[in-house]
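Hi there,

Here is the structure I promised to pass on. Have a look at it first, and my notes follow below.

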Amino acid sequence: MGGGFPNTELREVNDPRVFEFFDFITLDDGELPVELIFESLKAENPEFKRTFLLENNQVVYKNNSSKKDYRQSEIGTPDYTDLPLHQYISVIEIANPMHSLWSDGRWNKLTMAHGCYWGKCTFCDISLDYIRLYEPISAKILVDRIEELIATTGETGFHFVDEAAPPALMREVALEILRRNLVITWWTNIRFEKSFTADLSYLLKISGCVAVSGGLEVASDRLLKLIKKGVSVAQVAQVTRNFTEAGIMVHAYLMYGYPTQTEQETVDSLEMVRQMFEMGILQSGFWHQFALTAHSPIGLKPEEFGVTPVQKEITFANNDIEFTDETNIDHSKFSFGLKKSLFNYLHGINFEIPLQDWFEFKIPKTTVDPNYIHDCLLDDENFRFNGNSKIVFPIKDFIEEGVIKTKKNISYQNTKLTFHLKTNVLSILLQEEKATWLMKTIKSNPIQHSKLITLQQLKDDYEETMDDFELFWFSKPVMQFRENGIILVL
Ligand code: SF4
């Protein structure tokens, strides 16, 4: 037995009865431990890696191999060829859109990166290898694996089971998918990083990304700081807006009952979530009550977070620890109201019902401004100039047509560029000189180029023959190109 359950719950297992059901239990990455178990069946002096087994009716932990674990680039592609994949049944779950995506149908599973590049959240198992050891693989290897899995399973749906997929690698994977003209569907888990701009979200979408899930946790800036999540509610709102506008479904993991959380903060957190659903920038979510886990920073140093664990003698699963916290609030009383209101919000209804009505006990009035989330979305990232940004032109086919415009008896030679997009046809009029430059630039920088042109290079090239690039770059026609995904700034 290996995988998530033993890795988190069975690290101190010592009850021999478990071995009536399993011969070996391995911890953390499984490739080398399983290979050594296989070899041990024939070896005289077997070696093991992070493996529990039974000797003389005692549970023993063996880690006596000096062999190094396989690197992520060496582990190869999962091989499903002996499984009758088409005979598996689908579990159909309809209430929650993300859970439905997860369990209805089959997804090929891959990881972009082992572990979490952030690795700081105080409730998370960051001391364990599956989070702690961060090791990404290259976009090329990953897309090779995608192609191999399509060939062997005939299926083009991919679930990247990352703890938090890194945005820069997601960008490279998306570009590689587009360069190879693959048509796939994929989704993954992320952190709501600032780097998920509108343009990156759009690139992910056209590479086949249909959904992302990420932790908003407690939607409160004070508690997000304590969690060390590295995001604010405003930032999450902007990022989820970007994904939503690109057509990517967003699921938020929500939390209540974090140590020191007050009733007021739970109500305010619910109000933030209500506003996000009402604004249409979240499509799915799930409330989890905070659990104190043994391998998280809070579990390792509970006194620093104001919680007191209830110590118990445990011989089997040890992960969730009972505790008392200094607020003495019974957070579980909020469970029903939080879940019921969320169920309504994710169906797009009952936003106007007062928060009090979701609960059968008196709750404090929210202190969150009714326009808080709306106002967070007013900041427009399109009007920033970063010379190092990479420029992508995903669409290379367009129709050009000369048009003469007359204004105050003076005629101007213009060019109309028409793009046939997936959902609309876009025609944009530019001065002839600018249109010629843009067409040449699009043609000489196809997405297939492994080195993408930067915004600064684009500016330098433009200003060789014309002046004031910024005036052009922030003009209405260019904004239309950007809003329609004809020019992406990454
Ligand atoms: S909660 Fe997510 S983002 Fe935070 S450390 Fe864990 S895996 Fe990383």
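Let me start with a loop: Lys-408 sits between β17 and β18, where helices (H or I, at least four residues) and strands (E, at least two) are DSSP runs, numbered from the N terminus. Its phi is near 50°, a positive value in a residue other than glycine. Lys-408 is also exposed, at a relative accessible area of 80%; exposed means over 50%, buried under 20% and partly exposed in between (1.4 Å probe, protein chains only).

Before I go on, please note that this is a predicted model, in which local features need pLDDT of at least 70 and side-chain atom pairs count only at pLDDT 80 or more, while totals for chains, interfaces and linings use all residues. Residues are numbered from 1 along each chain as its sequence is written, and side-chain values use heavy atoms, with hydrogens and water left out.

Asn-56 belongs to the loop between β2 (51-55) and β3 (58-62). Phi of Asn-56 is near 50°, again positive in a residue other than glycine, and Asn-56 is exposed with a relative accessible area of 76%.

Next, helix α14 (residues 432-444). From first C-alpha to last, its 13 residues reach 18 Å, close to the 18 Å expected at 1.5 Å a residue (the expected span is 1.5 Å times one less than the number of residues). Among its buried residues are Trp-437, Leu-438, Met-439 and Ile-442. The buried residues of α14 pack against β17 (399-407), β18 (410-420), β19 (425-431), α15 (455-465), α16 (469-473) and α17 (476-483), with contact meaning heavy atoms within 4.5 Å.

Now the ligand. The residues around the ligand include Cys-116, Cys-121, Cys-124, Glu-163, Arg-191 and Lys-229, where near means that a heavy atom of the residue lies within 4 Å. This shell divides into seven nonpolar, one polar and four charged residues. Here Ala, Val, Leu, Ile, Met, Phe, Trp, Tyr, Cys and Pro count as nonpolar, Asp, Glu, Lys and Arg as charged, and the others, Gly among them, as polar.

Finally, which element gives the largest share of the lining of the second largest pocket? That is α7, with five residues. The lining as a whole divides into 19 nonpolar, 11 polar and 12 charged residues. (On a 1 Å grid over the protein atoms alone, a pocket is an open set of points where a 1.4 Å probe fits, with protein on both sides within 12 Å along at least five of seven lines; lining residues have an atom within 4 Å of a point.)

Best wishes
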